[in-house]
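Let's take a walk through a protein together. Have a look at the sequence and the model, and then we'll start with a single residue.

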Amino acid sequence: MELPPALRDAVDAALEGASTAALAEASAMLSQRYRSELRDGRFHVSEDYAARAYLAARLPATFAAVRAAMGEAELQMPDFRPTSLLDLGAGPGTAMWAARDAWPSIDDTLMIEGSPTMRRWGEKLAASAAPFRREWRAADFSKGRLAVETHDLVTIAYVLDELELDARAALIEAAWQATGSLLLIVEPGTPAGWQRILDTRTQLLGLGANIVAPCAHQAPCPIVSPDWCHFSRRVARTKIHLRSKGAVVPFEDEKFIYLAVSRAPVARATGRVLSPPRAGSGKVSLKLCLASGAAETRLITKRDGELFKAARRIDWGDALDV
């Protein structure tokens, strides 16, 4: 998956003239903070070179994950035409770009981000987009209660890992209160990220939310540790992306987990592919989350006709009616 041309060009312009060595150093420090899920009262991105490193090394991957999650929500809500977006913990506006790519009907956006550096870069990037209403506000989700107006679509992407349990629960409740139709939450595809999504799922179901994706049901999650639910998107690396990470492989696989919930019930797919399909001669083995509330591996063969044809084309994370 690649960035939209306008965003790619804006990122390239933001990184023009930046020292490769400085970007690589800032990228390494940023990666360490994210991997360790460090909570020390500081924003992960507070310095200018850290923000540029984020644009080079993390924005493409987070865009790919958020856009993929939105694509699955689109499939389950084909008549959804949002006009307003609220992004909580907006960073440089990644979810805004993904949302407007998924739903061009969005023309009113509110991005809430605590880091002044990230807000500044987000505003610079957004200046390259087609005209639409956009507002940036500052907020610290670890302090006090958030109260914002209702928006059709609300997003929280790669934010929950930065918050303690009480602040996390308060943010989820505030986000749901601000949700007009769809709330989408994306987290890193780690066991810890999955657990945060599970906790959020329980909280939102208790508040009356309806699951859209990825779950095929609203029963307790059938997956048992040390296994965990997550998905993956392949991201093409630009030259500056490669240099900032000291990498040689022209792509990376971003692992993520997400939860999409709605105000109104939707017709969910009856199955979701939970791991890479294993194809053989005349057969496909799929690990599926099922509408029954179970997770099981099914062998689909040529005898299954149209289902087999669909299974041959299916990918990890896709919905499948079984």
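Leaving aside its neighbours within four places in sequence, which residues is threonine 62 in contact with? They are Tyr54, Thr94 and Tyr158. Before going on, keep in mind that you're looking at a predicted model. Threonine 62 sits in helix H4, and its relative accessible area is 3%. Buried means under 20%, so threonine 62 counts as buried.

The largest nonpolar core has 90 residues, and helix H4, which covers residues 59-76, supplies the largest share of them, eight residues. If you want to find the residues with the most contacts inside this core, look for Leu88, Ile156, Leu171, Leu182, Val186 and Leu204. There's also a second, separate core of ten residues, with Val273, Leu288, Leu290 and Phe308 among them. Here's the general idea: in soluble globular proteins, nonpolar side chains tend to be buried together.

Now pick out isoleucine 156. Not counting residues up to four places away in sequence, isoleucine 156 touches Asp87, Leu88, Leu171, Ile172, Ala175, Leu184, Ile185 and Val186.

Leu171, Ile172 and Ala175 take us to helix H7, where they are buried along with Ala167, Arg168, Ala174 and Trp176. What covers these buried residues of H7? The cover includes strand S1 (84-88), strand S4 (151-157), S5, helix H8 (191-206) and strand S8 (251-262). H7 itself has 13 residues and reaches 19 Å from its first C-alpha to its last, close to the 18 Å expected at 1.5 Å a residue.

Follow the chain out of H7 and you come to alanine 178, in the loop between helix H7 (165-177) and strand S5 (179-188). Is alanine 178 buried or exposed? With a relative accessible area of 1%, alanine 178 is buried. Its contacts, leaving aside neighbours within four places in sequence, are Leu86, Val148, Glu149, Thr150, His151 and Val154. Take glutamate 149: along the chain it is 29 residues apart from alanine 178, yet their C-alpha atoms are separated by 5.9 Å.

One last stop is a pair of strands. Strand S2 (residues 108-112) and strand S3 (residues 133-137) run parallel, joined by five bridges. To get from S2 to S3, the chain passes through helix H6 (residues 116-126), making a right-handed β-α-β crossover.

Note on methods. Residues numbered from 1 in each chain as written. Predicted model: local features only at pLDDT ≥ 70, side-chain atom pairs only at ≥ 80, totals over all residues. Heavy atoms only, no water. Helix = DSSP H or I, 4+ residues; strand = E, 2+ residues; numbered from the N terminus. Buried < 20%, exposed > 50% of the residue type's maximum accessible area, 1.4 Å probe, protein only. Contact = heavy atoms within 4.5 Å. Core = buried A, V, L, I, M, F, W, Y, C linked by side-chain atoms within 4.5 Å. Pairing = 2+ DSSP bridges. Right-handed = clockwise from strand over helix to strand, strands pointing away. Expected span 1.5 Å × (residues − 1).
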